[in-house]
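Visitor: I would like to learn how to read the surface of a model. Please take me through it one feature at a time.

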Amino acid sequence: MFLPKYPDSPTPPPAHTHTPTDPAPVQRPLPSVSIDRNAVVALVVGGVVLTALLAAVAVTAISVAVAAVVLRSLLREHHRR
């Protein structure tokens, strides 16, 4: 009843043909960059310092939040009396 109708040819013709293109342009090699050992050490030390500062800020923020919760609960109990 609802059977598909297949085309007579076993392989359909290609939708488009490939045309040869121009060869890829020759790329010039990138200039070599020398990495100094002191630059790597400075970068690692800078990363460690920034990570330590970020951790210090996070610990400070958490301690301020805990102190605010404690003070709020103490003031709430003080107003109840």
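**Reading the exposed surface**

Guide: The chain exposes about 8800 Å², and carbon and sulfur atoms supply 69% of that area. Accessible areas come from the Shrake-Rupley method with a 1.4 Å probe, and for residues only the protein chains shown count as cover. This is a predicted model, in which local features need pLDDT of at least 70, side-chain atom pairs count only at pLDDT 80 or more, and totals for chains, interfaces and linings use all residues. Residues are numbered from 1 along each chain as its sequence is written, and side-chain values use heavy atoms, with hydrogens and water left out.

Visitor: What percentage of the residues count as buried?

Guide: Buried means under 20% relative accessible area, exposed over 50%, and partly exposed in between. Of the 81 residues, 0% count as buried.

Visitor: Is Thr51 buried or exposed?

Guide: Thr51, in helix H1, is exposed because its relative accessible area is 53%. A polar contact is a pair of N or O atoms within 3.5 Å; within protein, one must be able to donate a hydrogen and the other to accept it, and residues adjacent in sequence count only if both atoms are side-chain atoms. A polar atom of the Thr51 side chain lies 2.7 Å from the backbone oxygen of Gly47.

Conventions. Buried means under 20% relative accessible area, exposed over 50%, partly exposed in between (1.4 Å probe, protein chains only). Helices (H or I, at least four residues) and strands (E, at least two) are DSSP runs, numbered from the N terminus.
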